[in-house]
Amino acid sequence: MVEPHGPEQQPHAPPPSLWPVGFAVGVAVLLTGIVVGWPVAALGAAIAIVFGFLWVRDLTGPAAAAGREPPPPVGARPATEAGHALPLADEGEIERFPRARFLEGATLGLSGLIGGLITLPVAGFAIVPTFVGQKHEDVDIGELDTFPEGEWQVVTFMEDPAEGEVSRRTAYVRNNGELEGQPSLTVLSNRCAHLGCPVQPSGLLDEDASETVETSNTVVTRIPATPAAFTCPCHGGAYDLEGNRTAGPPVRGLDRYEYEIRDGRVFLVGAYSVGSVQGEGKEALIKRYDLMNPGLHVDGPSAIMYPIGPRR
Ligand code: FES
């Protein structure tokens, strides 16, 4: 016996698709990757693009078009058959489907536009600084001979004199003597690795011996000091003379400046963050990292949470 054909002869909408789920997973991985690292972000972007493409293809392909076709008019059934005769669907009824589609698309598009207008500026301010390096001018802090070997000096200078006092910085500088024929300096930043308060030397400052000199590109004040350690007045952070954290809430050691000796003068040419330092002076082994903002771990398990910091 031949089974009468029922509803399967009718055109019907395409089955539910998993592409949107894959797309959502891709976006989630992408957002996670922004925090965790580039490889994960790239993987998420790839997943989102592939599934997004498949989703759009489903929505616009022939199968979807067939699903959107208005159903064929239902013919009036003769009264001789069971039930009442049904009227033919009028043209207006059929026309409603394309209009519903249009409204659906317009609502989704408008919602996406509004969401984008709200989200993108916020996301931009949050993410873009991570990838934009800030300009840094080399700073001439004076002749190497003005830094006696084995002695500390508190050096303040304007990183960019054109910007004025807002660019004033402080470094703690010690001449370690020569290492393999090259001068070795320890140049610590005074920016606390907890929240950025100015770290102070615990010890005497010889204010009477301070001097202010004009160098080739800034004005520098140098004060001889005999610190026993460095401490932070804000929350009690403490560091040893190599900048290692010894107490309090700082999450790493003090940042350091990179330097170059040019024609007998000391130039600060950049800065970097430090996990820890082993040894002292010119023998020190420094675990260095790209410069990170205060409060960000650079090594250990916690560093997984801070794979990229704002470029400074
Ligand atoms: S800012 Fe230095 S300990 Fe908090």
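Select W152, Y172 and F230: ring pairs link these three into a cluster. Rings of Phe, Tyr and Trp (its six-membered ring) pair if their centres lie within 6.5 Å. Planes under 30 degrees apart count as stacked, over 60 as edge-to-face, and the rest as tilted.

The model on screen is predicted, with local features needing pLDDT of at least 70, side-chain atom pairs counting only at pLDDT 80 or more, and totals for chains, interfaces and linings using all residues. Residues are numbered from 1 along each chain as its sequence is written, and side-chain values use heavy atoms, with hydrogens and water left out.

**Aromatic pairs**

The whole structure holds five aromatic pairs. Go to F23 and W55. Their ring centres are 5.8 Å apart and their planes meet at 50°, so this pair is tilted. F23 belongs to helix α1 (residues 19–36) and W55 to helix α2 (residues 38–60). Helices (H or I, at least four residues) and strands (E, at least two) are DSSP runs, numbered from the N terminus.

Now colour by accessibility. Buried means under 20% relative accessible area, exposed over 50%, and partly exposed in between (1.4 Å probe, protein chains only). F23 is partly exposed at 31%. W55 is partly exposed too, at 31%.

Return to Y172 and F230. Here the ring centres lie 4.8 Å apart with planes at 20°, so the pair is stacked. Y172 sits in strand β3 (residues 168–179) and F230 in strand β7 (residues 219–231), 58 residues apart. Both are buried.

**Charges over rings**

Next, select R222 and F147. The charged end of R222 sits over the F147 ring, 5.5 Å from its centre. The rule: NZ of Lys or CZ of Arg within 6 Å of the ring centre and within 35 degrees of the ring normal. Then pick R288, which lies over the face of Y272 at 3.8 Å from the ring centre.

**The disulfide**

How many disulfides are there? The count is one, taking a pair of cysteine sulfur atoms within 2.5 Å. Show C197 and C234, joined S to S at 1.9 Å. The torsion about their S-S bond is about -90°, so the disulfide is left-handed. C197 lies in the loop between β4 (182–189) and β5 (200–205), and C234 in the loop between β7 and β8 (238–239), so the pair ties together parts 37 residues apart in sequence. C197 is buried at 18%, whereas C234 is partly exposed at 36%.

C192 is buried at 1%, and C232 is buried at 7%.
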